[in-house]
Amino acid sequence: MKLSEVSLSHHYADLGDAFGTRIDPTPFENPRLIHVNPAVLRLLGINVREAQNPAWAQLGCGKELFPGSRPFAMKYTGHQFGVYNPDLGDGRALLLGEIEHGGAQWELHLKGAGKTPYSRFGDGRAVLRSTIREYLAGEALTGLGIPSTRALCLVGSDEPVTRERIESGAMLIRVAQSHIRFGHFEYFFYTRQLEALQKLIAFTCNRFLPEAAALEPAAQAEALLRHTVRSTADLVAGWQAVGFAHGVLNTDNMSIIGDTFDYGPYGFLDDYEPGFICNHSDHTGRYAFEQQPGVALWNLNALAHAFSAFVSTEALRDCLEEFQPHLIDSYAARMRAKLGLATEEDGDQQLCADLLQLLADARADYTLFFRALAHYRSERPPAALEALLPPAQHGALGHWLDHYDQRLAREDSDSRVRDCAMLAANPKFILRNYLAQKVIDAAEGGDYRPLQTLFDLLQSPFDEHPEHEVWAAAPPESGKHLPISCSS
Ligand code: AMP
Ligand code: MG
């Protein structure tokens, strides 16, 4: 379809006034189109040639609206750092409507679009820095095969926005099959709007769980919770396997369909550091990398509490109990793939745990180590792997590799087939913080070429791209712990 043929429907706004507020965006005076995502155009069924259409500058900042748009600030609440906050909602983003394509409804959400009734003390804006981070993160996670929201286009401006310093405002159109968060259900539960809560559960089931659409409210709610428990477990397993830390796992940043959602001060691990805290403002490490599985379950408990309006305690518990086995199975499968193990043995979990302990002790680069392991051929000394660890750890590495060799011998697989499979499971390119910063620094100076390069690499992170070796390099020491704050 051509851009001029796009027209939106808006089933969420159709739910009624209890669900949010209809309000127009506050556009930029002088929008500057920075990027249009061809992959998302394809997802939406829009002709990829339309990436060149200058109309995106207007559409991407709310100056023009797609036919059928009904900009709508969604109301939700949620638990932030463990404390319930009743005052949340779309404070700087508007759900424009949705496009149906490929059997799915794709919602368009304009982020940075100005104040809404839920802005509280905020200015309703987003800055270029955080907008680029969100834009790239959606591609990075998607490229790694992990569910995520994505962005359709990125528009900059010369509008000054005050954060720790004065920055420039930007907007993106976020695209996802749903923008419903755990916090949406919490809002209706805590305000005792049980009819609306039921309506929201039915709406979500109609879209994502057609087999539950005809059930009684209690059974429907239970089915949805079970579905979310499973998809969240799978999501977190994916994060842990690739070394992604979300950074702000509040219940208002958790998607009901298990997408990675609301990117803030996220970070990919450089050195394997289980206690890695990417959010500068997270003083207690509540959202540290290794805490994510436990925190996700905490969040699911908060969601389950909202569902207690309809579902018995026993049934809620039964759903929640699926989390841990699901997470372990999903994580184990992903780690076996990273290790090149096509078969399953009892000792595999230990083999993996031993390696992670070794990487933690050595503070080795997580991504580089696994990528190098894909090229390992039982050579002694294992020079390429040793180069990633300090000499004091070489003995332990050799010891672990002896076990690994023995395990591989029982695989009975062709090593070339295994190498290919491992290269497809261990990315060469990840969205390291220092790379994101490099792209942001260039973009703030008006140079968007690094953004384009990294964007392309993140969409095919398992390919070699030999001409872009520099983007696969370990960070300099100074680039490992860049302070990333919550402000965006
Ligand atoms: P976040 O920290 O992005 O997950 O957002 C938490 C809450 O603050 C949500 O209700 C947001 O809509 C709101 N919020 C965040 N930034 C702004 C902003 N610049 N202006 C208005 N509201 C904001
Ligand atoms: Mg948020």
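Student: Why does S178 count as buried in this model?

Tutor: The model is predicted. S178 has 1% relative accessibility, and buried means under 20%, so S178 counts as buried.

Student: Where does S178 lie?

Tutor: S178 is in the loop between strand 10 (166-176) and helix 5 (182-190). Apart from neighbours within four places in sequence, S178 contacts E107, F208, I256, I257 and F261.

Student: What makes the pair of S178 and I180 a polar contact?

Tutor: A polar atom of the S178 side chain lies 3.0 Å from the backbone nitrogen of I180.

Student: F261 is among the contacts of S178. How do you know that R174 lies over the face of F261?

Tutor: R174 is at 4.6 Å from the ring centre of F261. The distance limit is 6 Å, with CZ of Arg also within 35 degrees of the ring normal. R174 is listed as lying over the face of that ring, so both conditions hold.

Student: What sits over the ring of W471?

Tutor: The charged end of K438 does, 4.3 Å from the ring centre. That value is within the 6 Å limit.

Student: Which residues form an aromatic cluster?

Tutor: Y12, F19, F72, Y187, F188 and F203 form one. With ring centres required to lie within 6.5 Å, the count of aromatic pairs comes to 21.

Technical notes:
Residues are numbered from 1 along each chain as its sequence is written. Chains are lettered from A and ligands numbered from 1 in the order in which they are written. This is a predicted model: local features need pLDDT of at least 70, side-chain atom pairs count only at pLDDT 80 or more; totals for chains, interfaces and linings use all residues. Side-chain values use heavy atoms; hydrogens and water are left out. Helices (H or I, at least four residues) and strands (E, at least two) are DSSP runs, numbered from the N terminus. Buried means under 20% relative accessible area, exposed over 50%, partly exposed in between (1.4 Å probe, protein chains only). A polar contact is a pair of N or O atoms within 3.5 Å; within protein, one must be able to donate a hydrogen and the other to accept it, and residues adjacent in sequence count only if both atoms are side-chain atoms. Contact means heavy atoms within 4.5 Å. Rings of Phe, Tyr and Trp (its six-membered ring) pair if their centres lie within 6.5 Å; planes under 30 degrees apart count as stacked, over 60 as edge-to-face and the rest as tilted.
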